[in-house]
Amino acid sequence: QVQLVESGGGLVQAGGSLRLSCAASGGTFSSLAMGWFRQAPVKDRELVAAISRRGGNTYYADSAKGRFTISRDSAKNTVYLQMNSLKPEDTAVYYCAADLRRTAQTIAVMLHEYDYWGQGTQVTVSS
């Protein structure tokens, strides 16, 4: 059973930065393709960024391109989401997710493809 624990959320002013972390345990980190999702009030959960098992491929939602960077550190079993130039519309609960079924360089982009989820971390961007 894979456990995912997010951290790094908080309150930040528009234009600021945050780095989210997701620590994985209970599984082989190199077997996990990872993703960051977010869910704002009364909105569906959406994929923000994803990274392949070996980190060679990444995906970004249009809203994240040029501002967010996903990365992974195999030595720490951790995936990160660096968020810069934050906007009030980035306000949401951010969730880390893991997919066990990807091949080495593929990326999961659909919510239902992910097998494990963290508890979420709140990001609030004030205007």
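Strands here (E, at least two residues), like helices (H or I, at least four), are DSSP runs numbered from the N terminus. The model is predicted, so local features need pLDDT of at least 70 and side-chain atom pairs count only at pLDDT 80 or more, while totals for chains, interfaces and linings use all residues. Residues are numbered from 1 along each chain as its sequence is written, and side-chain values use heavy atoms, with hydrogens and water left out.

**Around E8**

E7 and E8 pair in the antiparallel sense over 6 bridges; two strands count as paired if DSSP finds at least two bridges between them. Asn77 is partly exposed, at a relative accessible area of 27%. For the cut-offs, buried means under 20% relative accessible area, exposed over 50%, and partly exposed in between (1.4 Å probe, protein chains only).

E3 also runs antiparallel to E8, joined to it by 6 bridges, and Leu18 has Met83 in E8 as its bridge partner. How many of the residues of E8 are buried? The count is 5 of the 6, so E8 is largely enclosed by the rest of the structure.

Stepping back, 4 strands make an open antiparallel sheet in the order E1-E3-E8-E7. Its edge strands are E1 (3-7) and E7, each pairing on one side only. From one strand to the next, the twist averages 15 degrees; axes are lines fitted to C-alpha atoms (for helices over the stretch in contact), with angles running from 0 to 180 degrees between N-to-C directions.

Val42 is another non-glycine residue with a positive phi, near 55 degrees. Val42 lies in the loop between E4 and E5 and is exposed, with a relative accessible area of 89%.

**The cores**

The largest nonpolar core has 30 residues, and those with the most contacts inside it are Leu4, Met34, Trp36, Leu81, Met83 and Tyr94. Such a core is a set of buried Ala, Val, Leu, Ile, Met, Phe, Trp, Tyr and Cys residues joined through side-chain atoms within 4.5 Å. Among the elements giving it two or more residues are E3 (18-25), E7 (68-73), E8 (78-83) and E9 (92-99). A second, separate core of 8 residues includes Phe37, Leu47, Ala108 and Tyr114.

**Salt bridges**

Side chains of opposite charge can pair when their charged atoms come close. A search of the whole structure finds 8 salt bridges, each a side-chain nitrogen of Lys or Arg within 4 Å of a carboxyl oxygen of Asp or Glu. Here are some of them.

| Pair | N to O distance |
|---|---|
| Arg67 and Asp90 | 2.7 Å |
| Arg102 and Asp99 | 2.4 Å |
| Arg102 and Glu113 | 3.4 Å |

Arg102 and Glu113 link distant parts of the chain, 11 residues apart, and both sit in the loop between E9 and E10 (116-117). Both Arg102 and Glu113 are buried, and Asp99 counts as buried too, at 0% relative accessibility. A network of salt bridges links Asp99, Arg101, Arg102, Glu113 and Asp115. As for the remaining pair in the table, both Arg67 and Asp90 are buried.
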